[in-house]
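Dear colleague,

Please find below the structure that I am handing over to you, together with its sequence. A short account of what was found follows it.

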Amino acid sequence: MVKKMTFKQFLFILPLLIFIGVFSIYPIVTSFMYTFFDYRINDQTANSFYLSERFNGELFYEDCDYINYFLDDDKTLISEEDQKAVEEIQATVSSVMSEYENAKGTEKISSDKKDELVAFKEKLRTDITALYDKYPDVEFYNKDKIPEILDEMDTCIVKSNFIGLKAYGNLIKDTRFWKALGHTLIFTVISVGIELVLGMLLALIMNKAMKGIGLVRTVALIPWAIPTAVSAMIWSYLYDGSYGIVSFLFNKLGIINSQSAMLLTSHGAMSAAIIADVWKTTPYMALLLLAGLQVIDRGLYESSAIDGAGPVVTFFKITLPLVKPSLLVALLFRTLDAFRVYDLIAILTGGGPGNGTESLSIYAYKLMFDQSNYGYSSVVVMGMFVVVAIIAFLYVKVLGADVMGND
Amino acid sequence: MKKVSTFKVVSWIFIIAFLLISVFPFFWILVTSFKPETEIFGDGAYRIIAQHPTLDAFKTVIFEKNILRAVWNSFVMSGFTTLYVIVVASMSAYIISRFKFKGKNLLMALILTVAMFPQMIIIGPVFNMYYSLGKLNSYWVCLAYSSITLPSAVWIMVAHFKQVPLALEEAAKIDGCSTWGTLWRIIFPIAAPGVFTTAIMTFISAWNEYLLSCTMNSNESIQTVPVRIGYLRGQYTIYWNQIAAAAVVVVIPTLVMVLLFQKQIVAGIANGAVKE
C-alpha cells in the first residue's frame with residue numbers, strides 16, 4: 001500500500017534536501033570548481049576565481065600619482081626645455097589616471113584596454129629613462145624609485161588564475177600523491193583484513209552464546225565508542241619512544257630493535273597506526289558480523305552436523321555464504337571508512353616520520369590549511385574520490401554487495 | 001566430545017586475550033593519571049602503582065587546561081546535532097517509507113553516496129562558507145555535522161518506520177489526523193526504540209567528530225573533546241600524566257553512555273549490517 005506524494009508531503013523531505021544541498025552537494029560542486037583554478041588564499045593574485053584578466057585600478061591610480069609626484073621633484077634639476085617635456089608626460093599620466101580615480105580593488109578589463117595601458121606604461125618607461133640618461137651627472141632624487149614604481153605597475157594586471165585541467169596533469173606527476181595513495185591503500189587493506197579475520201572469529205565465538213558474552217559485548221563497545229582522537233592520543237603515549245609501555249614491551253620481545261622505532265621509523269609508525277585501528281575497530285566489525293550470523297537459521301547447523309560436516313566445512317559451506325550479504329556491506333563501509341583515515345594518523349604521527357604515514361586525507365589537509373593551496377588540495381581530494389568510486393564499484397558490481405537492499 | 005572442549009578452550013583464550021588487549025590501554029592511562037610528574041619519566045614510567053600517588057594531574061587538566069569546558073562543548077554540539085538530525089530524519093524517513101514518488105531511488109542513492117564519500121571533499125568550501133558568514137568558532141558548526149550523521153540516521157529510520165503497521169495510521173487518518181500529526185503522534189511513539197537507537201548513534205558520531213571541529217572551532221573556548229585532547233600535547237615536553245588524566249576524564253561520559261545504552265548501540269550497529 002504505497003501512496004503518491006502530494007506537495008504538502010514533499011515539504012517533509014525538504015529539510016533533508018536543504019541539509020544535503022548546503023553541506024554536501026554545494027561543497028562537492030564548489031570543490032570541483034576549485035580544481036580548475038590556481039586557488040591559493042594566501043596569494044593576493046589567486047585568492048578568488050578569475051576567469052578573465054583583471055586590472056587593479058586602485059593600485060594603478062596610486063602608482064601614477066607617485067610618478068607625477070617624483071617627477072615634480074626631479075624636474076627642478078633640469079633645463080627649462082626638458083621641464084616642458086616632463087610636464088607633458090605628467091599631463092598624459094594625469095589624464096590616463098583620472099579614469100581610475102574612484103576605482104576599488106580589481107575589475108575586469110578588456111584586452112584592448114589592457115594593451116593600451118601596457119603601451120602607455122612602456123612609453124612612460126622609455127620617455128623617463130631617456131630623460132634621465134640625458135643628465136648622467138645630475139643626482140636626481142628619484143632616479144631609482146621611478147623604475148620600482150613602474151615595475152609595481154606590472155602587478156596591476158592580474159592574470160586569470162583559471163588553469164583548466166592542468167592541475168590534474170600535475171597530480172599524475174606528483175610522487176607525493178602516489179606515495180600517499182600507497183600508504184592509504186596499505187593502511188586500508190591490512191587493517192580491514194586483520195579486522196575481518198579477528199572480527200569473524202570473535203563473532204563466531206559470541207554467536208555460540210557462552211556464559212559471560214554480555215561482558216564481552218560491553219567491553220567490545222568501549223574502544224569503538226570513544227573518540228578516535230582520544231584513542232590515538234592514548235596510543236601515542238603507549239608507543240612513546242622513551243616511556244611508552246607498548247614500545248617498551250615490543251622492544252623487550254625483540255619485535256622492534258629500539259624503543260623509539262615504533263613512531264620514528266615509517267614501518268614502525270605504519271604498524272602503530274594499523275594496530276591502533278585494529279584495536280578500535282575489530283569489536284565493531286565483530287558486532288556487525290554477529291548481527292549477520294544471528295539471522296542464520298540454527299536448524300541448518302544441526303542438519304549439517306547430522307550429515308557429519310566438521311566445523312571448518314560448516315563455516316565455508318553454510319556460515320560464509322549465508323553471512324556474505326551482510327559481510328560485504330560491512331566490508332564496504334569499513335573499507336571506505338579506513339580509506340579516508342584522518343584523525344588517527346593526524347594525532348598519532350601527523351603523517352610522519354618523513355611523510356612515511358601520510359594518508360591522502362592528511363596530504364589534502366596539509367595542502368589546504370597549512371599551505372592555503374585550496375585549488376591543488378581539491379584536486380588531491382578528487383583523486384581520492386575517484387579511488388572511492390572504484391572501491392565502491394568493485395564491491396557492488398564485482399563482489400555483488402547489495403547496498404540498496406531496502407526495497 | 002574432545003573436539004568441542006578444544007574449541008571451548010581456544011575460544012576462552014581468544015576471548016580473554018581480546019578482553020585484556022581491549023582494556024589494557026584504559027588501565028594504563030588510569031595508572032599514569034595518578035602519577036606525579038617525577039614518576040612519568042625514567043624508571044617510574046613502567047611502575048604500575050605510583051610511589052607517591054597524587055591527583056595533581058587531574059587538578060591541572062580540570063582547573064588549568066579547562067578540559068571540562070571541552071566536555072561541555074561536546075555535549076552542546078552533540079546534543080543539538082542529535083536534536084535536529086532526529087527531527088529532519090523522522091520527517092523524511094516517514095515520507096520515504098510511506099509514499100511513492102519520482103526520484104525516490106535517486107534520493108536513497110544520494111543519501112548513501114553522501115555517507116560514503118571522503119569528508120575531506122567538503123571541508124574547504126564549508127570552511128569558506130562559515131568564514132564568510134562569520135560563524136567560525138561557534139556552535140553553528142554543529143549544522144555541518146549533518147554531512148556525517150544525517151545520511152545514516154535517515155537510512156536506519158526508514159528501516160524502523162517500515163515496520164510500523166499501516167493499519168494504525170489508517171485509523172488515525174479516519175479520525176482526522178493530519179500527516180504531520182500522524183508522524184509525531186502515531187509513528188514516532190511506536191518506532192520509539194528505533195528512534196532512540198538512531199539518536200544514540202547520532203550522538204556518538206557527533207561526539208567523536210574531529211575533522212570539522214578541528215578546522216572550524218579551533219579557539220580554546222569552543223573546542224570539543226577530540227580537539228582539546230590534541231592540544232594538550234605540549235611543544236617540547238609531553239606531560240603524559242596530564243594527558244592520561246584528561247583521557248580518563250573524557251572517557252567517562254562515553255563509558256556511562258555505553259553502560260546505559262549498550263542494547264541500543266548494539267542494535268544500531270546491527271542495523272548497518274542486517275537488511276530486512
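How many residues of chain B are in contact with chain A, and with how many residues of chain A? In this predicted model, 78 residues of chain B contact 80 residues of chain A. Helix α12 of chain B, residues 240-273, supplies the largest share of the side of chain B that touches chain A, namely 18 residues. Sorted by class, that side of chain B comprises 61 nonpolar, 14 polar and three charged residues.

I would next draw your attention to helix α16 of chain A, residues 360-370. Nine of its eleven residues are buried, so α16(A) is largely enclosed by the rest of the structure. The buried residues are A:L360, A:S361, A:I362, A:Y363, A:A364, A:Y365, A:K366, A:L367 and A:M368. Their cover includes α7 (175-207), α15 (343-348) and α17 (374-398) of chain A, and also α5 (120-133) of chain B. After α16(A) comes A:S372, which has a positive phi, near 55°.

A further point concerns two packed helices within chain A. Helix α4 (residues 111-134) and helix α5 (residues 145-154) of chain A pack at an angle of about 170°, and their axes are 11 Å apart. Because angles over 145 degrees count as roughly antiparallel, α4(A) is described as roughly antiparallel to α5(A). On the α4(A) side the contact is made by A:K121, A:L124, A:R125 and A:I128, and on the α5(A) side by A:I146, A:L150 and A:M153. By class, the residues of this contact are five nonpolar, no polar and two charged.

With kind regards

Note on methods
Residues are numbered from 1 along each chain as its sequence is written. Chains are lettered from A and ligands numbered from 1 in the order in which they are written. This is a predicted model: local features need pLDDT of at least 70, side-chain atom pairs count only at pLDDT 80 or more; totals for chains, interfaces and linings use all residues. Two residues are in contact if their C-beta atoms, placed from the backbone, lie within 7 Å. Helices (H or I, at least four residues) and strands (E, at least two) are DSSP runs, numbered from the N terminus. Ala, Val, Leu, Ile, Met, Phe, Trp, Tyr, Cys and Pro count as nonpolar, Asp, Glu, Lys and Arg as charged, and the others, Gly among them, as polar. A residue is buried if 20 or more other C-beta atoms lie within 10 Å of its own, exposed if 12 or fewer, and partly exposed in between; C-beta atoms are placed from the backbone. Axes are lines fitted to C-alpha atoms, for helices over the stretch in contact, and angles run from 0 to 180 degrees between N-to-C directions. Angles under 35 degrees count as roughly parallel, over 145 as roughly antiparallel, 65 to 115 as roughly perpendicular and the rest as oblique.
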